[in-house]
Amino acid sequence: MGDAREELDAVLSGRGWDLGGTYDGTPQPGDAVRLGSSACYVVLAVLFNDEDGVLLVQEAKAECRGTWYLPAGRMEPGESVVAALRREVKEETGLECEPLTLLALEERGPAWLRFVFLARPTGGTLKTLEDADAESLQAKWWGGPLDPLPLRAPDILPLLELAARYRRSPPHPPTLPQELPCAHLCLRLLVAFTPCPPGHLWVLLNISGPPRLPVVACGTHPTQIRRGLRLPVLGFLGGCLPPDPQIGPMGLLGLQHRAGGPGGADGVCLNVLVSLQPRGAGEGPPPELCHPAFRWWRVEEEGLRGRILQRLREGGTVPIRS
């Protein structure tokens with residue numbers, strides 16, 4: 001399983017791995033993803049200064065003028081995730097920044113994704129009211145409770161808590177986008193089965209060619225979008241496992257995106273860890289598979305097994321918020 005080990009190492013380390021253009025299960029991908037038509041990606045940044053103040057932006061848009069929010073905005077076609085983050089922070093706050101890690105992936109179905117980053121300031125001049133424009137009125141470092149401020153939306157509050165927890169004790173390694181092309185929205189799945197007690201570990205592999213992790217495409221039909229990223233996972237596992245597989249939480253190990261991918265596409269591959277929960281007493285081997293293209297691979301190598309089990313623990317991956 002040499003190829004599978006290399007892929008597992010890359011995915012667990014937050015690096016990318018070439019997709020190879022092959023997708024498992026249904027739906028099979030259709031047209032390439034394009035920002036502004038079939039998908040919307042948003043970036044959001046949480047930055048702190050040396051006094052633990054958080055960087056906030058006062059909105060200039062008519063519908064929310066005067067309210068406060070974190071620096072955020074839509075990615076543009078042909079723009080990388082990190083380039084979009086730097087541009088939005090610069091336009092709205094006047095500051096340059098460097099991303100440190102993804103804090104969360106937020107989704108409203110596969111056609112709307114928001115990449116939440118913890119970042120640090122690296123230069124620039126803080127925007128004041130004298131610099132107000134269509135992007136924002138001003139930016140401030142805010143060090144106190146947010147209660148006195150009129151917020152554009154309260155959805156930033158749990159993100160600030162997540163950032164504060166990460167700064168105190170990082171639950172996962174720094175995770176940043178990897179520049180590898182992808183034409184579609186898809187999920188590379190590291191499906192792990194751990195019986196109780198967790199002395200053994202199995203990983204699901206596709207063996208129709210060189211062993212590899214399964215990759216499933218996300219559909220963009222309205223019914224598929226409404227059910228989010230979990231739908232393609234359930235559909236795939238439902239096709240190769242007994243009915244009603246007991247699927248645990250999903251966590252992000254990394255993401256792959258390259259601006260202007262194949263044919264100018266803006267696809268994203270999300271490398272996702274999924275735990276399969278045992279039934280009954282929870283002992284013994286994983287459930288039998290119903291599809292000959294897949295098999296369970298028992299992870300014997302102690303180092304690799306330990307890395308996967310560590311990531312399976314609560315908080316060991318970038319959270320996916322639906």
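Colleague: Which side chain does arginine 87 meet in a salt bridge?

Modeller: In this predicted model, the side chain of arginine 87 meets that of glutamate 91 in a salt bridge, at 3.3 Å from N to O. The term requires a side-chain nitrogen of Lys or Arg within 4 Å of a carboxyl oxygen of Asp or Glu. Residues are numbered from 1 along each chain as its sequence is written, and side-chain values use heavy atoms, leaving out hydrogens and water. Local features need pLDDT of at least 70 and side-chain atom pairs count only at pLDDT 80 or more, whereas totals for chains, interfaces and linings use all residues.

Colleague: Where do arginine 87 and glutamate 91 lie?

Modeller: Both are in helix α2, four residues apart, which is about one turn of the helix. Helices (H or I, at least four residues) and strands (E, at least two) are DSSP runs numbered from the N terminus.

Colleague: And how many salt bridges does the rule give?

Modeller: The count comes to 19. Across the interface of domain 1 and domain 2, the rule finds zero.

Colleague: What are the bounds of those domains?

Modeller: Domain 1 covers 1-35 + 175-319, and domain 2 covers 40-168; the bounds come from an automatic or database domain assignment. Their centres, taken over C-alpha atoms, are separated by 30 Å. The contact (heavy atoms within 4.5 Å) takes 24 residues from domain 1 and 26 residues from domain 2.

Colleague: How much area do they bury between them?

Modeller: About 1,900 Å², with 74% of it on carbon and sulfur atoms. Buried area is the accessible area (1.4 Å probe) lost on putting two parts together, summed over both. In domain 1, Leu35, Leu229 and Pro319 lose the most area to domain 2, together 27% of what that side buries.

Colleague: Switching to pockets: what volume has the largest pocket?

Modeller: Its volume is about 410 Å³. A pocket is an open set of points on a 1 Å grid where a 1.4 Å probe fits, with protein on both sides within 12 Å along at least five of seven lines; lining residues have an atom within 4 Å of a point. The largest pocket is lined by 22 residues, with Pro249, Ser275, Leu312, Arg313 and Glu314 nearest its centre.

Colleague: Which residues lie nearest the centre of the second largest pocket?

Modeller: Val42, Ala72, Gly73, Arg74 and Arg152, out of 16 lining residues. Strand β4 gives the most to that lining, with three residues.

Notes
Grid points are joined across faces, edges and corners, and a volume is the space filled by probe spheres set on the points.
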